[in-house]
Amino acid sequence: MAVGFGILGPLRVLDDGRSVDPGTRKQQILLVALLCQANSRVSFDALVEALWDDAPPRTARKNIQVYISALRRLVGAESGSRISHQAGGYVLHAAVGELDSLCFEQRARAGELAEALALWRGSALDGFRDVPLINAAAQRLDRRFLGVFEDWTEAEIAAGGGPAAIERVTEIAQQHPFRERLRMLQMTALCQAGRRSEALAVYDELRQSLAYELGLPPSPALARFYRSLLCEQVPAEPRPAAPRPRREVPPNLLPCDPPAFTGRVSATRHLTDGLVRGGNRLAVVTGPLGAGKTALAVHVAHRLGDHFPDGRLFVRLRGEDGRLRPLEDVLRQLLAAASPGRPEQPGPPDPRWAWQLWLTGRRALVVVDDARRECEVRPLLPEAGESAVVVTARPRLIGLEGAHRLWLSPFAAEEAVEFLGRVIGMDRVDADRESAGRIVRAAGLLPLGVRLVADRLAFLRHVPLREYGARMAGTRALLDELCGGDSAVRARLAESIEDLPEAAHWAVLRLGRLAEPVFTLEQAAAVLDSDPDTAVRVLEHLLEASLLTVPNVEVLAHTVQYEMPALPYAYARELAARAADRVPASSR
């Protein structure tokens, strides 16, 4: 059975050239989600979100297993050979000749541009764009199509075939009216056909549309090209060469560089090198709650002003209540920061267009704080140009392909002691470094925990470090000492756990019964009252959410130890104790 798949248009499944019914709507969504990332793992959570958005049924895992089984029968392969289960997700394996998007990419890279474009049968993934995961993949395919189409048009013009390409390039340009390279190629083809007045009209129409819809002028490169047409000097190379608008004072909307920022030398170098020397345009900083992800991202952004001359911006994806802000609000905040003083335009312009247009041709750095899902980040990423984005997140966001990744672990002990000393005074720390070390270790060596302890000790100057260290013994007292009167810390801890799916949320509460934050798979399975295979899947979910770590990965699989960071562990212990207090003694 020779099965082929098509996603460059409506979904198509072929068996030896004959069309095959791909099954129910849910089964089709699952198949398309796997095809979008063929030969790469798609996490179980991403599939759940694609199928049910924010309201999955209790039987979601079982339902997905049923759909996978049906898909395996559909493609006629032995179980696991075409669609395999890998580390909390599934992979659909496809060769280049079996999936049109893979074939398109291969032909485009080989310079077979006309053959690559011929594979398109319409809008990519047509009929599935209402699913955010699939829509993001469709937009990536759209961008790739446009890039290849522009390269093909440029080659046709260079070979004297501009007049023959006018109809096709005009059709595509009308579908993407603000894409300036495409408009420039359209104008060049018209001029090559002797239709110079029409080419000038294309520019004038674009200029008016940009001003009315987005409140922005054409890029300097396109304006220069227009002036060259007025002088009847059509350049041979129509591709804009990364225009960079000049500003006397580029926007810098970063929070203040943390005054007590300490250590993190290796992490700072790793993130800086990825953005500057590595040329990465997306960096993702992940780690547990309180690891200092935002502080590191802001600190590095302050150091990179010379490398990003068109501005450095910062935006939080969540409000004070912890809820996700509407995308339009986030984009409008970024646009207001990027172009201060820009007058409001009549009507409701699409902020996504305006944001992408501002990024085009600029080299800016944007820090996006506290992401929880890949779909929250993708609309903010630059589609063109040299701008970069740094995302901070507790989840690993493994669906963001090609990102430069940095996992931020807790402080080293000496870093934590130094941080403590910078707040309460090194003389006080040097007088009893043993107790200082005990205190920062009790705080889990997390920057947030150490800062909370330091702020409290700065107030309690009369309390010796030895006495305060004794206070912190035991997790039930620990959270009170760390939080003090700051209810926001407990609220963040509650949010980080309540944001989990029901099964993972329940697992955190059960793990809070463990006497130590470091435990084995067998201990976890016992407290979760499950078999090891089920426990592994739950623990992997918590690992991805940064609510667990593996402190030493260089061990045999059967001796792997897991660790819950200090703050989540203290909160989980507190919740477990409350639950135990509510259970009547007769039923224990």
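## Report on a predicted single-chain model

Strand S5 (residues 83–86) and strand S6 pair in the antiparallel sense over four bridges. Here strands (E, at least two residues) and helices (H or I, at least four) are DSSP runs, numbered from the N terminus. Two strands pair if DSSP finds at least two bridges between them.

This is a predicted model: local features need pLDDT of at least 70, side-chain atom pairs count only at pLDDT 80 or more, and totals for chains, interfaces and linings use all residues. Residues are numbered from 1 along each chain as its sequence is written, and side-chain values use heavy atoms, with hydrogens and water left out.

**Whole chain.** The protein chain holds 26 helices and 13 strands. Of its 588 residues, 50% are buried. Buried means under 20% relative accessible area, exposed over 50%, partly exposed in between (1.4 Å probe, protein chains only). The chain exposes about 27,500 Å², and carbon and sulfur atoms supply 51% of that area. Accessible areas come from the Shrake-Rupley method with a 1.4 Å probe; for residues, only the protein chains shown count as cover. Among contacts with a separation of 6 or more, 66% join residues 24 or more positions apart. Contact means heavy atoms within 4.5 Å.

**Around S6.** S5 and S6 form a hairpin with two residues between them. Ala-87, in the turn, has a positive phi of about 40°. Ser-84 stands opposite Val-91 of S6. Strand S4 (residues 42–43) also pairs with S6, antiparallel, over two bridges. Val-42 faces Tyr-90 there. In a regular strand the side chains alternate between the two faces of the sheet. S6 (residues 89–92) is covered on both faces. Gly-89 and Val-91 are buried on one side, Tyr-90 and Leu-92 on the other.

**The parallel sheet.** Five strands form an open sheet with parallel pairing, in the order S8-S9-S10-S7-S11. Strand S8 (312–316) and strand S11 (404–407) are the edges, each pairing on one side only. The twist averages 15° from one strand to the next. Strand S7 (residues 282–286) and strand S10 (residues 388–393) pair over five parallel bridges. Ala-283 has Val-390 in S10 as its bridge partner. Helix H11 (residues 265–276) packs on this sheet, touching S7, strand S9 (365–371), S10 and S11. The direction of H11 makes about 170° with that of S11. Axes are lines fitted to C-alpha atoms, for helices over the stretch in contact, and angles run from 0 to 180 degrees between N-to-C directions.

**Two helices checked for length.**

H8 is mostly covered, with twelve of its 13 residues buried. Those buried include Arg-181, Met-184 and Cys-191. Cover for H8 includes helices H6 (132–158), H7 (162–175), H9 (196–214), H10 (220–230) and H14 (351–359). Just after H8, Gly-194 takes a positive phi of about 80°.

In H19, the buried residues include Pro-447, Val-450, Val-453, Ala-454 and Leu-457. Helix H16 (residues 413–424) packs against H19 at about 30°, with the axes 9 Å apart. H16 brings Ala-416, Phe-419, Leu-420, Val-423 and Ile-424 to this contact. Residues on the H19 side include Pro-447, Arg-451 and Ala-458.
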